[in-house]
Amino acid sequence: MTEDARALVLGGGGVTGVAWEIGLLHGLAERGVDLSRADRFVGTSAGSVVAAQVTGGTPLGDIFEAELADTSGDRNAAIGLGVVVRFVASALVPGDRRRGRAWLGRAALRASTVPESARRTAIMARVPHDAWPQTADLRIPAVAARTGEVRVFDRDSGVSLIDAVAASCAVPLVWPPMTVAGERYVDGGVRSMANVDLAAGCGRVIVIAPSTATVRRGDRPGAQAARLGVPATVVSPDAAARRAIGRNPLDPDHRAEAAQAGYRQAASATERVRAVWEHSSPQRW
């Protein structure tokens, strides 16, 4: 990538995060800032779903309308207190961060969840094509459950796009770790909710982050973006969008409302996103 390359980083945030991101992207595009033209996409968890959809060629307006019309999903799925505690504890495990990720990954391997086949079917319903984009660099991180090692899937990885997305969306203790090329993986958000550092090498970076909460301040999307040293900005849900998203990011009942909230928020986010996208002002994040 060159200093002229533009990256769109799409962070994790569950079913409602997908909807909010799509609404925001559609609203920005209607105002003349079409982020679907990025040279590189970094998609983590929910963001991997959005990135796969956007790079698949379907118009943003059609993807947005689908979010409003479809409220399907597993209504028994919820990120409860136990899951949150495990996430926090994994970040505090003594030693390197890989060790903490492996601790959480092994707990996910022991958890009772739906079968992997059911999750792959659910991902296929959201990402109906299985071809990696050829006109953009799409990167999807996931974490090996046994070892805590991070793998970044792309079109040269030799794995299907559906498998990569399913792995990156495998919320530990909620969904099953997903098998890719003989290894089982958990959510890319176990490493970072946005993995902004994977945009390194691009000259302009837009981060769309449904969730910015982290144990370590330096892991927050804004801090990660600042370390890239290029024009960048981070957009996260405003107060109205947070209310629309609700407390359970896996609740499909809030899907349409979250999409509409993202669409409305685009009005206030357009100019600062445009400033970075067109590089017409100094770095902002």
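This is a predicted model: local features need pLDDT of at least 70, side-chain atom pairs count only at pLDDT 80 or more; totals for chains, interfaces and linings use all residues.
I take contact to mean heavy atoms within 4.5 Å, and with that in hand I looked up how far apart in sequence the contacting residues lie. Among the contacts in the chain with a separation of 6 or more, I noted that 78% are between residues 24 or more positions apart.

Next I looked at the chain as a whole, which has 285 residues, 53% of them counted as buried, and which contains ten helices and eight strands.

Then I turned to the nonpolar cores. The largest one has 57 residues, and the members that touch the most others are L8, L35, F153, V165 and I208. I also looked up which element gives the largest share of this core, and found helix α10 (residues 255-277), with eight residues. There is a second, separate core of 16 residues, and V42, V207, V230 and A232 are included in it.

My last entry is on T16, which sits in helix α1 (residues 14-30). Is T16 buried or exposed? I wrote down buried, because its relative accessibility is 0% and the cut-off for buried is under 20%. Not counting residues up to four places away in sequence, T16 touches I245, N248, P249, D251, H254, R255 and A258.

How values were computed:
Residues are numbered from 1 along each chain as its sequence is written. Side-chain values use heavy atoms; hydrogens and water are left out. A nonpolar core is a set of buried Ala, Val, Leu, Ile, Met, Phe, Trp, Tyr and Cys residues joined through side-chain atoms within 4.5 Å. Buried means under 20% relative accessible area, exposed over 50%, partly exposed in between (1.4 Å probe, protein chains only). Helices (H or I, at least four residues) and strands (E, at least two) are DSSP runs, numbered from the N terminus.
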